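Visitor: Could you take me through this structure slowly, and tell me each time what a term rests on?

Guide: Gladly; here it is, and we can go from the whole chain to single residues.

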Amino acid sequence: MMATSLHDTHGRRFEYLRLSVTDVCNFRCQYCLPNGYQKPAKAVPPLRPDEIGRAVTAFARLGLWKVRLTGGEPGTRTDLPEIARAVAGVPGVRRLAITTNGWKLAERAQAWRDAGISAINISVDSLDPARFAAITGHDRLGEVLAGVAAARTAGFDTIKLNAVLMRGVNDDELPAMIDFVAAHDLSLRFIEVMRTGSNPDHFARHHLPASAVISQLEARGWQRLPRQMGAGPAIEYGHASARGRIGIIAPYSRDFCASCNRLRLSADGRLHLCLFGDGGIALRPWLQRDEDHDALVARIIAATATKAPAHRLHAGNSGATPHLASIGG
Ligand code: SAM
Ligand code: SF4
């Protein structure tokens, strides 16, 4: 079977795989796992590094060249460096990134970088220690910021902070966050809080539209950057005196889904065509032997063709996703 690129019937080309390596998380973010991780009665072990290597080999054959390790908290996997090496070594993978809550990052940043991870997103929803503790259930802002510093020392190509902005929780910190990243030469992603199966009340109380961020950025002299070819759905801003960029993930904005270039693999090996889709398509049976590679590639091609044009969030339908920790936000 020839290598090819992966398209759906709506003309979208897939280049980016978000790979959840675990459902488990040690934090209790208000909008995600407010009661902490609950082990299901029939917990399925997450994919092993060899299974992950086979999956990524198939996606890379189909032209996906960027992989992000996420979760749950990927840092809860003690074999994370082994996973990273398995992914980084796949021919065709040009960029390996991770999204982490920053737990123990100061101790681990160098090992992750040495294992081939070159881009890191660290979630920091508040720069106020008490508020950070209230949002995440952990009084660890100092530790996480020490992790950000360690990531700089370790030589990651890209370091971004992720902040979920919530009305009445941390929206008053927007100017301080913008100034912080500009002063520290970091980039920042503001993420509009998304409604999932388990957070409708939190969403109703705290959802803040991206337009609130955009007006603050423009008032501080940040300018919208032209969209790059093949860029994902983030809206990017730059400032003449800041090296970093500020991106906005606005899933409720018009056309958000039109530029979707990503697929997701859950920790138990299910292909998810959309963060807010249904169920997922099991790939694990095809991840056990190298000999199943062609059948795996064919299954991915067939499944991807069925991707829906857009999510149904505006109709209040967040699909089968209980929270983003379950399939890697
Ligand atoms: N545990 C890691 C972390 O928090 O960075 C990685 C997994 S987490 C699901 C990935 C990203 O999704 C984080 O930046 C988190 O803040 C974001 N997230 C989780 N639930 C969300 C929601 N309901 N709406 C918007 N962003 C969410
Ligand atoms: Fe854990 Fe990340 Fe969800 Fe927070 S957002 S509870 S750190 S998976």
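Guide: The chain holds nine helices and 14 strands, where helices (H or I, at least four residues) and strands (E, at least two) are DSSP runs numbered from the N terminus. This is a predicted model, in which local features need pLDDT of at least 70 and side-chain atom pairs count only at pLDDT 80 or more, while totals for chains, interfaces and linings use all residues. Residues are numbered from 1 along each chain as its sequence is written, chains are lettered from A and ligands numbered from 1 in the order in which they are written, and side-chain values use heavy atoms, with hydrogens and water left out.

Visitor: Why is Ala 154 called buried?

Guide: Buried means under 20% relative accessible area, exposed over 50% and partly exposed in between, with a 1.4 Å probe and protein chains only; Ala 154 has 10% relative accessibility, and therefore counts as buried. Ala 154 lies in helix H5, residues 141-154, and, leaving out residues up to four places away in sequence, touches Ala 109, Gln 110 and Arg 113, a contact being heavy atoms within 4.5 Å.

Visitor: What makes His 272 count as buried or exposed?

Guide: His 272, which has its place in strand E13, counts as buried because its relative accessibility is 9%. The C-alpha atoms of His 272 and Ala 282 are 9.2 Å apart, and the two residues are 10 apart in sequence.

Visitor: Why does Ser 266 count as buried, and what does its side chain make a polar contact with?

Guide: Ser 266 is in the loop between strand E12 (262-265) and strand E13 (270-272), and its relative accessibility is 3%, so it counts as buried. A polar contact is a pair of N or O atoms within 3.5 Å; within protein, one must be able to donate a hydrogen and the other to accept it, and residues adjacent in sequence count only if both atoms are side-chain atoms. The side chains of Ser 266 and Asp 268 make such a contact at 2.5 Å.

Visitor: How many residues does the largest nonpolar core have?

Guide: That core has 94 residues, and those with the most contacts inside it are Leu 69, Val 87, Ile 122 and Phe 190; a nonpolar core is a set of buried Ala, Val, Leu, Ile, Met, Phe, Trp, Tyr and Cys residues joined through side-chain atoms within 4.5 Å. Leu 69 touches, among others, Leu 19, Val 21, Val 87 and Ile 117, not counting residues up to four places away in sequence.

Visitor: Which residues surrounding ligand 1 are the closest?

Guide: Of the 19 residues that surround ligand 1, the closest are Tyr 31, Gly 72, Ser 123, Asn 162 and Met 194, and a residue is near a molecule if one of its heavy atoms lies within 4 Å of it. An oxygen atom of ligand 1 is 2.9 Å from an N or O atom in the side chain of Tyr 31, while a nitrogen atom of ligand 1 is 2.8 Å from a polar backbone atom of Met 194.

Visitor: And which residues surround ligand 2?

Guide: Ligand 2 is surrounded by Cys 25, Phe 27, Cys 29, Cys 32, Leu 33, Gly 72, Asn 101 and Ala 325.
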